[in-house]
Amino acid sequence: MLDQIRTMREHIIWLGTQLEKERESSRDKTVLLKRLLDPDDLGHAVTNEVRKQAYAIISNDHEREREKWNVSN
């Protein structure tokens, strides 16, 4: 029984670690995409097509987060 508890605890810790890695990756992606949209930052160096794609990714991510929140509440 104690071995099962330890295994579950280790798995929970691993899941938490993976979640934090995903959050950090998502934050990094969002920062980059926002920089691509900003004409005073990287945005001056990219095409309108790239800016549209960056905007679409940010919008889609935001919509997914909103849907998750609505489902959980």
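Visitor: In which helix is Ile5 found?
Guide: This is a predicted model. The protein has 2 helices and 0 strands. Ile5 is found in helix α1.

Visitor: Is Ile5 buried, partly exposed or exposed?
Guide: The relative accessible area of Ile5 is 48%. Buried means under 20% and exposed means over 50%. Because its value is 48%, Ile5 is partly exposed.

Visitor: Which residues form a nonpolar patch on the surface with Ile5?
Guide: The patch has about 380 Å² of accessible area together. One member, Ile5, is found in helix α1.

Visitor: How far apart are the C-alpha atoms of Leu15 and Met1?
Guide: Leu15 has its place in helix α1, residues 2-37. Leu15 is partly exposed, at a relative accessible area of 42%. Leu15 and Met1 are 14 residues apart along the chain, and their C-alpha atoms are separated by 21 Å.

Visitor: What is the radius of gyration of the protein?
Guide: Take a compact globule of 73 residues as the reference. Such a globule would have a radius of gyration near 11 Å. The C-alpha atoms of the protein fill a box of roughly 60 × 25 × 15 Å along the principal axes. The radius of gyration of the protein is 18 Å.

Visitor: What percentage of the residues count as buried?
Guide: The cut-off for buried is under 20% relative accessible area. The accessible surface of the protein comes to about 6600 Å², and 57% of that belongs to carbon and sulfur atoms. Of the 73 residues, the share that counts as buried is 8%.

Visitor: How far apart do the centres of the positive and negative side chains lie?
Guide: Count the charges on each side. There are 13 positive and 14 negative side chains. The centres of the two sets lie apart by 1 Å.

Visitor: How many salt bridges does the count come to?
Guide: The rule asks for a side-chain nitrogen of Lys or Arg within 4 Å of a carboxyl oxygen of Asp or Glu. One of the pairs is Asp3 with Arg6. By this rule the number of salt bridges is 7.

Visitor: Why are Asp3 and Arg6 separated by about one helical turn?
Guide: Asp3 forms a salt bridge with Arg6, and their closest N and O atoms are 3.0 Å apart. Asp3 counts as exposed at 55% relative accessibility, while Arg6 counts as partly exposed at 48%. The two are separated by about one helical turn because their spacing in helix α1 is 3 residues.

Visitor: Which residue forms a salt bridge with Arg23?
Guide: The closest N and O atoms of this pair are 2.8 Å apart. Both residues lie in helix α1, 3 residues apart, about one turn of the helix. Arg23 is partly exposed at 42%. Its partner, partly exposed at 40% relative accessibility, is Glu20.

Visitor: What is the N to O distance in the salt bridge of Asp41 and Arg35?
Guide: Asp41 counts as partly exposed, at 24% relative accessibility. Arg35 is partly exposed too, with a relative accessible area of 35%. Their side chains meet in a salt bridge with an N to O distance of 2.6 Å.

Visitor: Which residues do salt bridges that share partners join into one network?
Guide: Shared partners link salt bridges together here. The network joins Lys29, Asp61 and Arg64.

Visitor: How far apart are the C-alpha atoms of Ser26 and Asp61?
Guide: Ser26 has its place in helix α1. Ser26 is partly exposed, with a relative accessible area of 36%. Ser26 and Asp61 are 35 residues apart along the chain. Their C-alpha atoms are separated by 9.4 Å.

Visitor: What separates the C-alpha atoms of Asn73 and Ser26?
Guide: Asn73 is found in the segment after α2, which covers 48-72. Ser26 has its place in helix α1. Asn73 and Ser26 are 47 residues apart along the chain, with their C-alpha atoms separated by 23 Å.

Visitor: Is Asn73 buried or exposed?
Guide: The exposed class begins over 50% relative accessible area. Asn73 has 59% relative accessibility. Therefore Asn73 counts as exposed.

Note on methods:
Residues are numbered from 1 along each chain as its sequence is written. This is a predicted model: local features need pLDDT of at least 70, side-chain atom pairs count only at pLDDT 80 or more; totals for chains, interfaces and linings use all residues. Side-chain values use heavy atoms; hydrogens and water are left out. Helices (H or I, at least four residues) and strands (E, at least two) are DSSP runs, numbered from the N terminus. Buried means under 20% relative accessible area, exposed over 50%, partly exposed in between (1.4 Å probe, protein chains only). Patches are made of residues with over 30% relative accessible area and no salt bridge: like charges are joined within 9 Å, nonpolar side chains (Val, Leu, Ile, Met, Phe, Trp, Tyr) within 5 Å. Accessible areas come from the Shrake-Rupley method with a 1.4 Å probe; for residues, only the protein chains shown count as cover. The radius of gyration is taken over C-alpha atoms; the globule rule is 2.2 Å times the number of residues to the power 0.38. Lys and Arg count as positive and Asp and Glu as negative; His and the chain ends are not counted. The place of a charge is taken as NZ of Lys, CZ of Arg, CG of Asp or CD of Glu.
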